[in-house]
Amino acid sequence: ALALIQETGIRPGSDEDTGAEKQAYGATTLEGRHVVVSGGKVSLRFVGKKGVDQDVPVGDKSIAADLVARKAAGEKGRIFDTTTAALLAYTDEITGEKFSAKDFRTLKALEVAREEIKRLGGRGGTDAEKAAKRKAVGEAVSDALGNTPSVALSSYIGDAVLGPLAKDADFEAKHPREEGGQFGEGTGGGSKRDKSGVWRDEKGSALSDADQSRLKTMLGPKA
């Protein structure tokens, strides 16, 4: 289930009754009927958050094969014998950090955003070119996460990962590059890393030890 979330960015899922007209599903609550094989390709088709239909391709061959094997659980049989709580507890155990359900999707958003920015030739260009790149990044991330470009930009990647592609024209003045020319990535707008490697919010206050550690875990050695 964890590998599937990391590959696709889908939500972990929940057994809670939200009172919605349609039951929403996530990785831990997916059923056999949600695994679709067509033309030799595997995808997941299910109702996601807020009743939005999701059609998620699974590109990793080993994960796809595992899903097909698990489909034998039956049309309405759970394909994973786990819960979101158990998944988060397992992640905390293997990383030594405290992860939230959203962190999984944020990691996928960061991966997609970075790849798209690289494909677009970086963060530079005229104002019009930067606006077009920002739009493209938002669309790429929203396609991966199954939400909207505006939500992808504001809630998952934020101005810190966009750098000069941020909507705020004064971004570079407000968020100067740190040593090594790296913008603080993966935090919300405003958070940045100082020269000593400490992450601070837009008011200059150091983030909590838990957030410092989680950022380093999420972003790797460069954090």
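Q: Among contacts in the chain between residues at least 6 apart in sequence, what share join residues at least 24 apart?

A: Happy to start there: this is a predicted model, in which local features need pLDDT of at least 70, side-chain atom pairs count only at pLDDT 80 or more, and totals for chains, interfaces and linings use all residues. Residues are numbered from 1 along each chain as its sequence is written, and side-chain values use heavy atoms, with hydrogens and water left out. Taking contact as heavy atoms within 4.5 Å, the share joining residues at least 24 apart is 50%.

Q: How are α4 and α5 oriented to each other?

A: Helices here are DSSP runs (H or I, at least four residues), numbered from the N terminus. The axes, lines fitted to C-alpha atoms over the stretch in contact, with angles from 0 to 180 degrees between N-to-C directions, come within 9 Å and cross at roughly 140 degrees for α4 (residues 101-119) and α5 (residues 127-145). Angles under 35 degrees count as roughly parallel, over 145 as roughly antiparallel, 65 to 115 as roughly perpendicular and the rest as oblique. The orientation of α4 and α5 is therefore oblique.

Q: Which residues have the most contacts inside the largest nonpolar core?

A: Such a core joins buried Ala, Val, Leu, Ile, Met, Phe, Trp, Tyr and Cys residues through side-chain atoms within 4.5 Å, where buried means under 20% relative accessible area (1.4 Å probe, protein chains only). The largest one has 21 residues, and those with the most contacts inside it are Leu4, Ile10, Leu30, Leu44, Phe46 and Leu67.

How values were computed: Helices (H or I, at least four residues) and strands (E, at least two) are DSSP runs, numbered from the N terminus. Buried means under 20% relative accessible area, exposed over 50%, partly exposed in between (1.4 Å probe, protein chains only).
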